[in-house]
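Let's take a walk through this one, starting at a strand and ending at a pocket.

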Amino acid sequence: MSTTAGQVIRCKAAVAWEAGKPLVIEEVEVAPPQKMEVRIKILFTSLCHTDVYFWEAKGQNPVFPRILGHEAGGIVESVGEGVTDLEPGDHVLPVFTGECKECAHCKSEESNMCDLLRINTDRGVMIHDQKSRFSINGKPVFHFVGTSTFSEYTVVHVGCLAKINPLAPLDKVCVLSCGISTGLGATLNVAKPKKGSSVAIFGLGAVGLAAAEGARIAGASRIIGVDLNANRFELAKKFGVTEFVNPKDYTKPVQEVIAEMTNGGVDRSVECTGHIDAMISAFECVHDGWGVAVLVGVPHKDAVFKTSPLNLLNERTLKGTFFGNYKPRSDIPSVVEKYMNKELEVEKFITHEVPFSEINKAFDLMLKGEGLRCIIRMDA
């Protein structure tokens with residue numbers, strides 16, 4: 001791959017030209033990486049609901065034409081000025097947020113919310129010069145969350161790349177670059193359930209099931225899955241969920257149902273839907289004295305969280321988390337090692353696979369609510 005270093009690469013990319021319209025496979029030009037940037041060859045990418053959300057462009061700033069995609073695995077093709085910890089041939093996972101290693105957040109043991117590289121969904125250009133590295137016939141095509149993995153080659157800031165074990169299969173561990181790590185880390189890093197404890201998981205999509213997987217790894221004895229879709233219950237058993245609650249089956253608030261099931265409330269809860277009512281329920285269903293609720297889902301910008309202050313005074317704890325509290329460069333390599341050591345099962349999250357030429361099938365599957373993760377093979 002070194003023969004292309006410093007040159008413009010022409011390759012295929014799936015371009016979103018306008019909101020909600022099928023992606024179009026186009027030949028794009030990918031410029032060489034600039035200062036602190038890396039150009040990578042994407043081998044596998046998967047579709048996350050966030051891609052669909054910004055493709056539909058409902059309720060947010062539409063940025064088109066754009067190359068979406070942010071869950072992926074690839075190999076470094078070339079590096080730009082100042083990049084010292086990656087070289088051509090390294091295996092990497094691009095991540096939608098970053099770690100500059102220099103700001104107060106990056107130096108903090110408690111935070112992963114990098115000042116420089118925190119997710120910015122409106123920015124369609126690179127930080128270094130405010131320009132796109134993608135173009136078609138000389139006209140720019142915009143980036144997405146600094147990754148744009150629906151392209152055979154992409155350019156990413158070095159701080160948004162996790163260097164991983166080259167023996168890890170990229171067609172599996174690519175899903176660890178977003179949703180799976182978000183849910184897993186929300187439980188293991190933030191909720192921190194003790195062995196034998198009880199955990200309620202609100203929302204049994206991919207992120208919620210990853211949170212359940214975290215509870216299973218931590219040794220929780222009761223993992224209660226909460227979802228409005230009863231069809232998800234059977235699948236959730238594979239991720240350690242032991243009991244199921246569908247709020248539609250009850251006339252009373254689901255937090256009261258869970259409190260009755262667990263003699264006063266669960267030890268931990270993790271909310272993965274983004275719906276404000278579920279967030280309130282997740283907080284109010286934890287036990288007084290020691291219960292901890294962790295919010296993962298992103299609510300509507302105008303949503304308001306309402307609960308009695310007594311719930312806090314009675315020693316319940318409410319926490320939020322971003323990307324499972326993982327720092328991309330420092331922590332994601334160890335999550336990949338959990339998979340390599342067979343502590344973490346990734347295959348059960350992967351329910352479909354399509355060639356790059358049929359990427360719109362992946363969107364159809366997600367819009368229909370079928371499956372969890374669809375792997376897109378770039379070489380097919």
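Which strand pairs with β10 in the parallel sense over 4 bridges? That's β13 (residues 268–271), and there I201 has V270 as its bridge partner. Pairing here takes at least two DSSP bridges between two strands, while strands (E, at least two residues) and helices (H or I, at least four) are DSSP runs numbered from the N terminus. The model is predicted, so local features need pLDDT of at least 70 and side-chain atom pairs 80 or more, while totals for chains, interfaces and linings use all residues. Residues are numbered from 1 along each chain as its sequence is written, and side-chain values use heavy atoms, without hydrogens or water.

β10 also has β11 (residues 222–226) as a parallel partner, over 5 bridges, with F202 opposite V226.

Since 5 of the 5 residues of β10 are buried, the strand is largely enclosed by the rest of the structure.

Last stop: the second largest pocket, with about 180 Å³ of space. A pocket is an open set of points on a 1 Å grid over the protein atoms alone where a 1.4 Å probe fits, with protein on both sides within 12 Å along at least five of seven lines; lining residues have an atom within 4 Å of a point. The volume is the space filled by probe spheres set on the points, which are joined across faces, edges and corners. Its lining includes E110, N189, K319 and F322, and α4 (179–191) and β15 (317–320) each supply at least two lining residues.

Methods
Buried means under 20% relative accessible area, exposed over 50%, partly exposed in between (1.4 Å probe, protein chains only).
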